[in-house]
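Colleague: Please take me through one part of this model at close range, and then on to whatever else deserves a look.

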Amino acid sequence: MVMRLIILVATLIVSGAAAQAQSLVFGTSDPTISIHSSFSGETVTLFGNIEPDTAGTMPSGAYDIVMVVRGPVEDRVVRRKSRQFGIMLNADYALFSGLPSFYRIASSRPIETLLDAETIDRRQFSLHGLARATLSESNGNVALYENELVRLMERSNLFRADPRGVTFMSPTFFSARIVLPANVPNGMFLAQVFVVRDGEIIADRAQRFFVQKSGFERFLGEAAVDQPLLYGLATVLLALFTGWMGGVLFRR
Amino acid sequence: MLIYLPIAEISVNLFFLVGIGAAIGFLSGLFGVGGGFLLTPLLIFSGVPAPVAVASVTGQVVASSTSGALSYLRRGGIDLQLAGFLVLGGFGGAFIGVWIFDLLRTLGQLDLAISFGYLIFLGSIGTLMLIEAVRSLIRSRKSGPPPRRMPGQHNWAHGLPLRVRFKRSKLYISVIPVIGIGFFIGIVGSLLGIGGGFILVPALVYLLRIPGSVVIGTSLLHVLAVMAATCVLHAVQSQSVDMLLAFCLMVGSVAGAQFGASAGQYLRGDQLRALLAIIVLGVAIRFALTLLLAPADPYSMATLGFGEAL
């Protein structure tokens, strides 16, 4: 991975020098993360460089970086149990529609010190803001549910805000390591990077990468959806065969 | 060693899966039950999404009942005719059970219904089994072997029309209660995600007076057929059957089942029933506690998918 990283950085710097119009280059170490049979999570390195602008003036001054990585969206429901008629029942709930199944906010300094509250909210640079924006239906205390969603998602390693997650290796070259946990959802991920100076976003770039099953896991996952009847029958046949084999192998 | 489950989309320790498969297999070999009622809650507790756990356990139950059913078939311990009528009712029941499952889901109280279902069925069956087993244990202490029930004894179930002669069971009874019992177990099984062997065996023994020599084998065949149908149904309806998860559990359980069956030979029938009753009651009490005690974390989170709704 280190070798790939070096090559990528080299190409980025070369291509960046050729295209003077770019003010920011951004890349990822792995365009495709494949999930294999012993997958236990993976680290993706995202990096970029602030380039000279169209006029050719070299970047100057202090820059800060905000990086957001979001996974495929889904609908999630949070439920609360409470005592009714002496037994514990699901009392109320909140539905979050179009919620990213994975969300990382990484920045070079705490975001509150970089941008004003309105921008943070609009750009979804806070986990609570994201929860608030996606809450679509609830019959309980809405503010409470936003907090609980963030807490539960953080506990599952799916949401995280890392206020010092982006490091500068030179005044213009930055990188961030994003840890994908073992329970990472499958699908397309979008990584966005924003360059901040004096409380303003002055440049941004986006980069996609994919998390997908590979080999046998991919085959099984697709078969279960494309050929459900055959898949079900195959499972039953496998079960019958395993049961019969067990009887033969261990027969007393 | 971690293994990635493609449908559940999580990584689980392979030895943990095979291990719980073996433990459940040992119990199922020992008692002649499928063990789904223990396995499903265990999987959910270890992080497998509930719909995936319920659907994949059906595959495991098929495997563990196959090796048992085959060995009973070789020894002539299955009344195929009786099993045929039971399975007929069972298929109908599974169909209705899935329908009730959907109905409860739209009403939003599926969790409650499942907890109550486990509590009522496991609690009542466990209590009955324990009382019966303790009684016969006491009786055998007092005066040697317990008196055998006469197969000729009749109750209301024997007075119904449509009587059929079951040669292997040496019975001449109506098929209505047979199909009815299969139907009822089918509903309960598909609702609670269990094979229902531990309900079926007492029902066959006490209601229909099926002789002990064929009751376990016949019940295993019924569980096998109904669970195979339920597995395919789940695969088609919610696509939540994880073949890899089911396979890991199967491998453990078929091995464990053989050891359980040999261990069972060192215990007497009434001792076995008392042990099983205690396990069944334990699970029932656990469900009662989840209904009665406030959980450490009252909030829970679920993804809508796998046919799950609000």
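Colleague: Where in chain B is the place of B:Leu128, and in which helix?

Modeller: B:Leu128 sits in helix 5 of chain B, residues 110-143. Helices (H or I, at least four residues) and strands (E, at least two) are DSSP runs, numbered from the N terminus. First, the ground rules. This is a predicted model, in which local features need pLDDT of at least 70 and side-chain atom pairs count only at pLDDT 80 or more, while totals for chains, interfaces and linings use all residues. Residues are numbered from 1 along each chain as its sequence is written, and chains are lettered from A and ligands numbered from 1 in the order in which they are written.

Back to B:Leu128. It counts as partly exposed because it has 14 C-beta neighbours inside 10 Å. The scale is this: buried means 20 or more other C-beta atoms within 10 Å of the residue's own, exposed means 12 or fewer, and partly exposed lies in between, with C-beta atoms placed from the backbone. B:Leu128 and B:Ala277 are 149 residues apart in sequence. In space they are 8.1 Å apart, C-alpha to C-alpha.

Now the contact between the chains. Chain A gives 51 residues and chain B gives 51 residues. Residues are in contact if their C-beta atoms, placed from the backbone, lie within 7 Å. On the side of chain A that touches chain B, the elements giving two or more residues are strand 5 (73-84), strand 6 (87-100), helix 4 (142-155), helix 5 (215-226) and helix 6 (228-249) of chain A. Helix 6 of chain A supplies the largest share of that side, 15 residues. Strands also pair across the chains (DSSP must find at least two bridges between them). Strand 5 of chain A runs antiparallel to strand 5 of chain B, residues 299-303, over five bridges. There A:Arg80 stands opposite B:Tyr299.

Next, strand 7 of chain A, residues 103-107. Five of the five residues in strand 7 of chain A are buried. In a regular strand, side chains alternate between the two faces of the sheet. Both faces are covered here: A:Tyr103, A:Ile105 and A:Ser107 lie on one side, A:Arg104 and A:Ala106 on the other. Strand 7 of chain A has an antiparallel partner in strand 4 of chain A, residues 64-70, with five bridges. In that pairing A:Val69 stands opposite A:Arg104. Strand 9 of chain A, residues 159-162, pairs with strand 7 of chain A in the parallel sense over four bridges. Here A:Tyr103 faces A:Phe159.

Two loop residues deserve a check. Most residues other than glycine have a negative phi. A:Gln124 has a positive phi, near 55°. It lies in the loop between helix 2 (117-122) and helix 3 (127-134) of chain A. A:Asp198 also has a positive phi, near 50°. Its loop joins strand 12 (187-197) and strand 13 (200-213) of chain A. With 10 C-beta neighbours inside 10 Å, A:Asp198 counts as exposed.

Last, confidence. Chain A has a mean pLDDT of 84, and 87% of its residues reach 70 or more. Over residues 14-22 of chain A, pLDDT stays under 50.

Conventions:
Contact = placed C-beta atoms within 7 Å. pLDDT = per-residue confidence, 0-100.
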